[in-house]
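Please look over the sequence and the structure below before reading on.

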Amino acid sequence: MNAVAEVDAGSRVLSYAEAIREAMALAMEADPTVILMGEDIGVYGGAFQVTGDLIDRFGPDRVMDTPISELGGAGVAVGAALTGLKPIFEFQFSDFATLAMEQIVNQAAKLRYMLGGEASVPVVFRMPAGSGTGAAAQHSQSLEAWFAHVPGLKVIQPSTPADAKGMLLAALADPDPVLMFEHKLLYKMRGEVPPGHYTVPIGKAEVVRTGRDITIVAGAIMRHRAVEAAERLAADGIEVEVIDPRSLRPLDRDTILGSVRKTGRLVVVHEGVKSFGVGAEISAMVAESDAFDFLDAPIVRLGGAEAPIPYNPDLERAAVPQTDGIEAAVRAVMARAV
Amino acid sequence: MSQMSPDITPAADNRPHAIRAYAPEVLRDALRKMHLIRRFEEGAEDSYMRGLIHGTMHLSIGQEASAVASCLDLGPSDKITSTHRGHGHCIAKGADVGRMFAEFFGKETGYCRGRGGSMHIADIATGNLGANGIVGGGLPIAVGAALTAKRLGRPDVTVCFFGDGANNEGAFHEALNMAAIWRLPVVFVCENNQYGMSTSVARSTAVPRISDRAAAYSMPGVTVDGNDFSAVAEAVGTAVARARAGEGPSLVENLTYRWRGHSKSDRNRYRTKDEIEGWMARDPIARFERELIAHGILTEAEAEGIAAQAVAEVEAGIAFAKDSPAPDVTDVTRYVYAGAA
């Protein structure tokens with residue numbers, strides 16, 4: 001975050017989508033090998049208007065509309081990255097990356113290793129994710145844990161406009177494949193964004209709010225719900241430390257363990273399905289470390305329901321953690337009622 | 001033409017295309033590579049039987065003309081993508097057999113430092129972007145390599161090898177379509193060896209010729225005798241020239257046959273001895289060698305010399321591999337990420 005601090009003076013308020021667009025434009029201006037690929041990212045501007053008007057600035061050779069061919073398109077991006085370009089490939093919805101698992105998991109993730117370090121695949125996959133838009137089961141998933149399971153990939157999940165810009169620029173400077181999960185409910189969220197080029201390092205969590213009583217680890221949209229819950233709890237004298245991991249692979253082990261050693265209590269919140277998820281990994285990491293000795297209560301995980309994301313709005317809200325649930329979980333941990 | 005008197009007709013050159021189009025030393029080197037591929041794979045098979053190589057491997061014995069003739073017009077900056085049956089492509093593009101054996105033996109001196117093995121062998125320095133363990137995996141990657149060339153204004157062409165099995169993967173169709181709409185410098189070379197593992201093309205594929213599928217992607221498609229060096233060189237050479245001229249992709253289908261089974265576990269239950277022997281009688285190496293001798297490119301003695309040289313090179317390669325160090329097991333996570341060495 002040091003780079004952000006240095007340029008804070010000229011910050012403007014941008015939406016998360018605008019911040020990503022600004023990062024892409026900066027990268028394309030600075031480096032002719034950066035290209036954008038994806039479905040309807042040209043004159044349409046992208047399904048979520050993230051690429052917006054970039055086609056007017058950089059033309060169709062660098063802002064490439066692909067056919068609806070996720071597997072092939074992702075593979076073209078991998079091949080281009082292998083041979084000297086830096087493609088940013090937008091999946092229209094991260095759900096559609098299931099069609100491209102072959103190229104992401106078998107090819108992009110493994111090429112460097114399979115070739116004994118002789119290959120590099122500097123591709124960025126942009127992954128619009130998450131529920132809350134009424135788009136139901138095939139357009140609302142949070143699959144980041146799937147990809148975080150794969151050595152060779154990096155998985156990031158910025159939750160503010162400033163982080164989205166800085167982490168995308170960090171991803172572009174990274175010689176390895178990076179998947180950037182962008183929660184769709186964040187696209188219109190506005191926040192201070194420094195101008196110019198800066199990077200937010202991959203693998204570094206942010207302590208969003210300090211507190212002595214309990215740690216909540218929550219990324220993407222859950223970071224904001226966790227902060228809201230923390231503010232309510234503060235009124236009752238419960239001081240919550242909120243950590244946004246920002247990056248899932250690599251995970252910032254030191255920041256999370258340090259916080260748990262201090263507070264002795266941990267709630268992990270994510271939107272992805274709870275079982276076999278990111279929360280399981282973080283809980284196990286704590287349980288396997290010396291931070292375990294500092295725990296005063298069992299660890300609690302909040303995650304998505306063991307169901308596809310439903311259409312009905314009440315069901316949809318019920319399927320993923322909400323602020324009330326986070327607040328209740330913290331109270332239960334504080335009361336040792338879990 | 002029939003009206004012309006014979007005395008003013010230029011002497012018709014009925015020699016095969018390759019004999020006409022390439023210098024003798026290029027043809028002799030092509031024969032050398034074909035022998036080297038054959039001896040390399042026999043050496044690999046023998047080493048496997050002796051327990052020096054573990055896992056499995058997919059031999060291309062019988063397909064050497066397709067590999068070498070398809071790479072004839074490629075320079076070091078041109079790219080290829082290869083398949084699980086990729087030893088021939090690797091040698092055709094210029095790899096060193098010592099480092100290839102070292103890779104098969106799992107040694108640190110191998111092309112992939114022993115991390116890849118037969119199925120992931122690659123040689124980025126000579127433009128071989130790698131074999132692939134996934135059928136069809138290399139097709140979109142080849143299109144991406146061609147996109148790089150076009151975007152950066154380089155004259156490079158990518159030759160994308162794949163087998164008949166891959167033509168029924170979605171990746172094949174998506175890749176050909178994108179190569180065509182973006183007019184990219186890529187040549188799709190299908191090595192139709194008649195079987196995807198045990199399933200024949202007739203049972204797996206709805207068109208009689210795989211090259212018929214080119215029409216669906218508005219590109220030229222041609223089927224040639226893949227055991228005829230000259231026919232492959234002409235078809236792929238034409239396609240490479242077209243790609244280099246900015247005229248877009250082509251599909252060439254080389255009809256050929258693998259003498260060995262799919263992999264080391266194959267019991268050959270799906271094809272007959274007669275069929276295998278029929279194809280062995282159409283050995284592409286013997287055929288090309290006879291052709292070179294018949295056209296005065298090579299003497300019998302020179303042919304024997306080339307074959308002997310391949311034997312010696314393979315023996316030296318195996319010795320190099322045996323003597324090479326194995327990776328340190330504490331390095332198991334090395335090379336997963338850049339800078340994590």
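## Spaces, cores and backbone

Three cavities of 30 Å³ or more are found when the whole structure is searched. On a 1 Å grid over the protein atoms alone, a cavity is a set of points where a 1.4 Å probe fits but cannot get out, while a pocket is an open set with protein on both sides within 12 Å along at least five of seven lines, and lining residues have an atom within 4 Å of a point. Grid points are joined across faces, edges and corners, and a volume is the space filled by probe spheres set on the points.

This is a predicted model, in which local features need pLDDT of at least 70 and side-chain atom pairs count only at pLDDT 80 or more, whereas totals for chains, interfaces and linings use all residues. Residues are numbered from 1 along each chain as its sequence is written, chains are lettered from A and ligands numbered from 1 in the order in which they are written, and side-chain values use heavy atoms, with hydrogens and water left out.

The table sets out volumes and the make-up of the linings. In it, Ala, Val, Leu, Ile, Met, Phe, Trp, Tyr, Cys and Pro count as nonpolar, Asp, Glu, Lys and Arg as charged, and the others, Gly among them, as polar.

| Space | Volume | Lining by class |
|---|---|---|
| Largest pocket | about 670 Å³ | 18 nonpolar, nine polar, five charged residues |
| Second largest pocket | about 330 Å³ | ten nonpolar, 15 polar, four charged residues |
| Largest cavity | about 170 Å³ | twelve nonpolar, six polar, three charged residues |
| Second largest cavity | about 60 Å³ | five nonpolar, five polar, no charged residues |

Chain A is divided into domain 1 (2-193) and domain 2 (206-331), with bounds that come from an automatic or database domain assignment. The C-alpha centres of these two domains of chain A lie 25 Å apart, and 29 residues of domain 1 of chain A are in contact (heavy atoms within 4.5 Å) with 23 residues of domain 2 of chain A.

The largest pocket has a volume of about 670 Å³. Its lining has 32 residues, and those closest to its centre are Ala145(A), Trp146(A), Phe276(A), Gly277(A) and Val278(A). Both domain 1 (2-193) and domain 2 (206-331) of chain A give residues to this lining, so the largest pocket lies between them. Helix H7 (144-148), strand E12 (247-249), strand E13 (266-273) and helix H11 (278-287) of chain A each supply at least two of the lining residues; helices (H or I, at least four residues) and strands (E, at least two) are DSSP runs, numbered from the N terminus.

The largest cavity also draws on both domains of chain A, with at least three lining residues from each. Of its 21 lining residues, Glu144(A), Gln157(A), Gly219(A), Ala220(A) and His270(A) lie nearest its centre, and E13(A) provides the largest share of the lining, four residues.

Ala220(A) is found in the loop between E10 and helix H9 (221-234) of chain A. Although it is not a glycine, Ala220(A) has a positive phi of about 55°, and at 7% relative accessibility it counts as buried, where buried means under 20% relative accessible area, exposed over 50% and partly exposed in between (1.4 Å probe, protein chains only). Elsewhere in chain A, a cis peptide bond with omega of about 0° joins Arg249(A) and Pro250(A), and Pro250(A) lies in the loop between E12 and helix H10 (253-263).

The second largest pocket is lined by 29 residues, and nearest its centre are Thr83(B), His84(B), Val135(B), Gly163(B) and Gly165(B). E2(B) gives the most to this lining, with four residues. The lining of the second largest cavity includes Gln107(A) and Met114(A) as well as Thr81(B) and Ile141(B).

In soluble globular proteins, nonpolar side chains tend to be buried together. A nonpolar core is a set of buried Ala, Val, Leu, Ile, Met, Phe, Trp, Tyr and Cys residues joined through side-chain atoms within 4.5 Å. The largest one here has 141 residues, and those with the most contacts inside it are Ile104(A), Phe125(A), Phe147(A), Val187(B), Phe188(B) and Phe229(B). Domain 1 (2-193) and domain 2 (206-331) of chain A both give residues to this core, so it lies between them. A second, separate core of 62 residues includes Ile55(A), Ala164(A), Leu168(A) and Val193(A).
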